[in-house]
Amino acid sequence: MKYNRVLTIAGSDSGGGAGIQADIKTISACGCYAASAITAITVQNTLGVTGVHPVPVEIIEQQIAAVIEDIGVDAIKIGMLHSSQVIECICRQLDRFQIKNVVIDPVMVSTSGHRLIEESAITSLISDLLPRARVITPNIPEAEILLDGVKLECQSALPDAAKMLAEKTNTSVLLKAGHLTEEKLVDIFYDAEEGKIYELPSVRINTKNTHGTGCTMSSALASMLAKGMELSVAAAAAKNYINEAIIAGADYEIGHGFGPVKHFYKYW
C-alpha cells in the first residue's frame, strides 16, 4: 500500500491556524500523507504576526531534498516565501526534481495585514517561481499585485483577471473571491491546460474564523492533485472542502482575533 504524498513548503504559524500547521491538518484531513519544509518561523496568533525568523536557505533546500529523495512526493504546495534568495532556492529544487503537481499560494500579506514578503522578492516570485507551478491560488489583493495594480472591485472582473494572470505566469489560476462584498461568492478557476473557465460558487458565511483559509484551500488542491484528480475536478473538490471547513468552524470561539477553520470537520 502507498500513501498519496504532499510536501508543503511554507512558514510555521505558532497559533496553528495558518501556514505549515494548517497545511498538515488539511493534507491529513484530505486523506494524504503530509511532509514539510519550513521556510520561516512566525510569532503569530489569532491577532496577527508580530515577528518572523527566517530559516537559512541551505536548511530549506536540505529539507526539500531529504523529503523527496527518501519519501517522494505526488504534489507540492508552496506558501510563504519571504525573500528572493528563498524563491531562487525553491526554483532550483523544482527544476532538480521535476514535480508536476505544484500548487503555489502567493502569500504576500497576512489576514491581519502584516506584510510577509520583501518587496524585492515579488519580481522574482512573478518571473521565476509562478511559471513553475501547475496552479496558483491568489486572493484578490494578491492578484492585484501580480497584475501590476489592476483593481478588481466586482465579481464580473474576475474571469478576465484569472485569464490575464494565467497568460502572465503560464499556469492555471484559482482566483478567490472572498475579499469582495457580495453575499454570493464565485471563485474563478481558469484551467490553462484546457483553456476553460470554471465558476466555483458559495454563499458568504458570517464568521470571523477565516484565518488560514488561503493555506487551507491551496493544500486541499494539492492533496486532490496528489490523489490523481483532473485539474477542474480537484479545484471543485478543494473549494468544497474549504467551504465546509469554514461552515463547521464558524461558531467556535478561540483566541481574540481571526480564528481558524475546522480542518477535521469530517471526523469530529
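I began with His263, which sits in the segment after H8. Helices here are DSSP runs of H or I with at least four residues, strands are runs of E with at least two, and both are numbered from the N terminus. This is a predicted model, in which local features need pLDDT of at least 70 and side-chain atom pairs count only at pLDDT 80 or more, while totals for chains, interfaces and linings use all residues. Residues are numbered from 1 along each chain as its sequence is written, and side-chain values use heavy atoms, with hydrogens and water left out.

Is His263 buried or exposed? His263 has 5% relative accessibility, so I noted it as buried (under 20% relative accessible area; exposed is over 50%, partly exposed in between, with a 1.4 Å probe and protein chains only). The side chain of His263 makes a polar contact of 2.9 Å with that of Thr216. Such a contact is a pair of N or O atoms within 3.5 Å; within protein, one must be able to donate a hydrogen and the other to accept it, and residues adjacent in sequence count only if both atoms are side-chain atoms. Setting aside neighbours within four places in sequence, I found His263 in contact (heavy atoms within 4.5 Å) with Gly17, Ala22, Lys25, Thr26, Ala29, Thr216 and Tyr241.

I then checked helix H1 (residues 19-29), whose buried residues are Gly19, Ile20, Ala22, Asp23, Thr26, Ile27 and Ala29. Their cover includes strands S1 (5-13), S2 (33-45) and S4 (75-78), together with H7 and H8. After H1 comes Gly31, with a positive phi near 85 degrees.

Next I looked at how H7 (residues 213-226) packs on H8 (residues 231-249): the angle is about 140 degrees and the axes are 8 Å apart. Axes are lines fitted to C-alpha atoms, for helices over the stretch in contact, and angles run from 0 to 180 degrees between N-to-C directions. On the H7 side the contact includes Thr213 and Thr216, and on the H8 side Lys239 and Tyr241 are among the residues.

Last, I looked up positive phi outside glycine. Asp148 has a phi of about 60 degrees and lies in the loop between H5 (140-146) and H6 (158-169). Its relative accessibility is 65%, so Asp148 counts as exposed. Asn170 also has a positive phi, near 60 degrees, and is in the loop between H6 and strand S7 (172-175). I noted Asn170 as exposed, at 64% relative accessible area.
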